[in-house]
Amino acid sequence: NDEKWTIGQTEFTGPNPLLNTSFLDSLGSGLVQYSHRARFQDGSLHAHLGFLKVRDLSGYRSFMSGNQLTGDTDTPEADSDGDGVSNFDEFAFGTHPGEPGKRPAFKAEAASNGAGGRHLVLPYLRRTGGTMNGTTYQTPEIIYQPQATLDFSSWDTPMEVPLTLPPGLPTPPSGYEWGAIRLNVPSNLPQRGFVRLITETP
């Protein structure tokens, strides 16, 4: 196939153009127009016009620079140390994106809820400077969205933010703090619950 892209004023060829750091810096921030044209082997022509939303994740860039990872391939969705965790999630949870032995670790704690059931509390590291909206925590660059289920039929079981953190948590790295979410498991259900934490950019 013959494929061509135009992003801003720059042209690229091929199905997956590599956008290096200097080029992304030149785009600034905001909406940038792009077009994609492809001619297939049967002679048909495909064309698409749209906009890219460009923003600078300055905190992410500082985090990666502080860990000596500044190459064009050290992007948020990449996994620079090959440990199965994206650079963005290592940034979100305060682990080293260049050392495979250091990856986010989560340990939920269970305790009685005083009504015959159990509370499942999950502490997690998060960037400082954010705000809470229900159980969702958001900073300028990261949204931390907890989700829970009791039976895997859906991930919309209500949760709450505990008034106090579990004791004995280690000191967080600079720029991070501990947060926590709590799932109530009623006594009339099997004493188990499942919690996951989704991260994304605003």
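The points below concern a predicted model of one chain, beginning with its overall form and ending with the pair Pro76 and Asn87.

1. The chain contains 3 helices and 11 strands, and from the N terminus on its elements follow the order β-β-α-β-β-α-α-β-β-β-β-β-β-β. Its radius of gyration is 22 Å, well over the 17 Å that the globule rule gives for 202 residues, so the chain is more spread out than a compact globule. The C-alpha trace spans about 70 × 40 × 30 Å along its principal axes.

2. Of the 202 residues, 36% count as buried, while the accessible surface of the chain comes to about 12,000 Å², with 51% of that belonging to carbon and sulfur atoms. Among contacts between residues at least 6 apart in sequence, 54% join residues at least 24 apart.

3. There are 15 positive and 22 negative side chains, and the centres of these two sets lie 5 Å apart.

4. Pro76 sits in the loop between helix H2 (58-66) and helix H3 (87-93), whereas Asn87 belongs to helix H3. The two are 11 residues apart in sequence, yet their C-alpha atoms are 5.0 Å apart in space.

5. Pro76 is partly exposed, at a relative accessible area of 25%, and, leaving aside neighbours within four places in sequence, it is in contact with Leu57, Tyr60, Ser86, Asn87 and Phe88.

6. Asn87 is buried, because its relative accessible area of 0% is under the 20% cut-off. Beyond neighbours within four places in sequence, the contacts of Asn87 include Tyr60, Phe63, Met64, Asp74 and Pro97. A polar atom of the Asn87 side chain lies 2.9 Å from the backbone oxygen of Thr75.

Notes: Residues numbered from 1 in each chain as written. Predicted model: local features only at pLDDT ≥ 70, side-chain atom pairs only at ≥ 80, totals over all residues. Heavy atoms only, no water. Helix = DSSP H or I, 4+ residues; strand = E, 2+ residues; numbered from the N terminus. Buried < 20%, exposed > 50% of the residue type's maximum accessible area, 1.4 Å probe, protein only. Contact = heavy atoms within 4.5 Å. Polar contact = N/O pair within 3.5 Å; in protein donor to acceptor, adjacent residues only side chain to side chain. Rg over C-alpha atoms; globule rule 2.2 N^0.38 Å. Areas by Shrake-Rupley, 256 points an atom, 1.4 Å probe, with all protein chains shown as cover. Lys, Arg positive; Asp, Glu negative; His and termini not counted. Charge placed at Lys NZ, Arg CZ, Asp CG, Glu CD.
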